[in-house]
Amino acid sequence: MNEEIYLDNSATTPIDPRVMEEMARVALQIYGNPSSLHRKGREGERVLTTSRKVLADFLGVRDSEIIFTSGGTESNNLAILGIARRYLRRGKHLITTAIEHPSVLQPFQLLEKEGFEVTYLTPDSRGVIAPQDLLKALKPETIFVSIMHVNNEVGSIQPIQEISGILKREKPEIIFHVDAVQSFGKVTLPPGLQGIDALSISAHKLHGPKGTGALYLKSGIMIEPLLLGGGHERGLRAGTENTPGIAGMALAARYSFVEINKKAAQLRQMKKQFISDLQTRHPWIRINGPGVDEKESAPHIVNISFPGLKGEIIVHALEEQGIYASTGSACHSNSKGESHVLQAMKLGRAEMEGAVRFSFSARTTQEEITRAVQRINEVISGLKQLTEKMAGV
Ligand SMILES: Cc1ncc(COP(=O)(O)O)c(C=O)c1O
């Protein structure tokens, strides 16, 4: 068996051992309930205060604007359902995009059942939303817009700064939420989150623990809580806080920010090399998403269509060679198993069926990329030959 090369970092990342150690320390030693009045409780509370400050500083926002959650899914659900329901008297029109993660799309679908009207903006063929389309979609009764920063399947960076600029100019009372699960610690966010009212992050995409995340909620924005109970997180998210996970998330964010500052340029260079080496050997493949030199291209996600082959078969054949990748995203939204993102980008059937996502982390090395390309090239040549033989070509 070949040595493993993990290229599925957008699905999740391996936890950093230093983060794991810190989580074990907090779980074993700082076990007090942060809501308890005694010293043990105050120790737990201190973990929350420190971690909240770390995240707030990275985002350039106030500590009091961070709500801890169980991950990106909960942060998105809380922002979308919580804000739309809280402000429904102002209007019932909402805007999002057709390429969001299911944890955004499904809350919007639920809101449609509750009587809201939702406009789903469609991207161009690169998977990028045009700010002008948002402008055209605005109505007098629009109250809320949610647009992701980096798309998890194709790595397209959405023009969130232009979009927030349009919103603030045209209708400043509209609340703007950004799903930054794939960008936090990887792609620069607007300084101080200017123009953004709510933003979701998740720890397990940055070598932190699974099941831990946060929602930034700008002060003054109100929200209808989803979880009711003991008044934790200013009454916005009940439930005893996951102190080990929260401490782990803050530490993981610290390491990620240092690493990405050092490695962003190198990561983009590796993506470039990865694509060009595969294309040289297999000129018939198609790269989905913005070109690697375009400003809309995130440095850590590559989506490639191998038309004529099946993505699932490629993923399993690569696994045999120790390479871990995925077919688009871990969850597909339609019953045929096709990606709603690639569909919105208007890819043909063969291109959708043959799509594979490779995703890197700041810890992916140059050497891993070089070795991965060799193995991927061989796997693809083998599968292509086999397919052609079976088709009698
Ligand atoms: C863009 C995006 N949003 C939200 C999520 C959900 O985050 P979590 O796994 O922390 O619930 C993911 C996870 O893949 C994602 O890629």
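**Close-up views of helix packing and the ligand site**

**View 1. The crossing of α7 and α11 is right-handed.** The model shown here and in the other views is predicted. Helix α11 covers residues 366–390. Its axis and that of α7 are 10 Å apart, and the packing angle is about 25 degrees. Angles under 35 degrees count as roughly parallel, so α7 is roughly parallel to α11. From α7, the contact takes in Met270, Gln273, Phe274, Asp277, Leu278 and Arg281. From α11 come Gln366, Ile369, Thr370, Val373, Ile376, Asn377, Glu378 and Ser381. By type, the residues of this α7–α11 contact are six nonpolar, five polar and three charged.

**View 2. Helix α1 packs against helix α7.** Helix α1 spans residues 17–29, and helix α7 spans residues 243–281. Their axes are 8 Å apart, at an angle of about 155 degrees. Angles over 145 degrees count as roughly antiparallel, and α1 and α7 are therefore roughly antiparallel to each other. The crossing of these two helices is right-handed. On the α1 side, the contact residues are Arg18, Val19, Glu22, Met23, Val26 and Ala27. They meet Thr243, Pro244, Gly245, Ala247, Gly248, Leu251, Ala252, Tyr255 and Glu259 of α7. The residues of the α1–α7 contact divide into nine nonpolar, three polar and three charged.

**View 3. Helix α8 crosses α11 at roughly 130 degrees.** Helix α8 is formed by residues 311–320. The axes of α8 and α11 come within 10 Å. The angle makes α8 oblique to α11. The crossing is right-handed. Four residues of α8 can be picked out by name: Ile313, Ile314, Ala317 and Leu318. Their partners in α11 are Ile376, Val379, Ile380 and Leu383. The residues of this α8–α11 contact comprise eight nonpolar, no polar and no charged. Ile376 of α11 meets α8 here, and Ile376 also belongs to the contact of α11 with α7.

**View 4. The ligand is surrounded by 14 residues.** The closest are Thr73, Asp179, Gln182, Ser202 and Lys205. In the side chain of Gln182, an N or O atom is 2.8 Å from an oxygen atom of the ligand. For the side chain of His204, the distance from an N or O atom to a ligand oxygen is 2.8 Å. For the side chain of Lys205, the corresponding distance is 2.6 Å.

Technical notes. Residues numbered from 1 in each chain as written. Predicted model: local features only at pLDDT ≥ 70, side-chain atom pairs only at ≥ 80, totals over all residues. Heavy atoms only, no water. Axes fitted to C-alpha atoms, helices over the stretch in contact; angles between N-to-C directions. Parallel < 35°, antiparallel > 145°, perpendicular 65-115°, else oblique. Left-handed = near helix turned anticlockwise from the far one by under 90°. Contact = heavy atoms within 4.5 Å. Nonpolar A, V, L, I, M, F, W, Y, C, P; charged D, E, K, R; others polar. Near = heavy atom within 4 Å. Polar contact = N/O pair within 3.5 Å; in protein donor to acceptor, adjacent residues only side chain to side chain.
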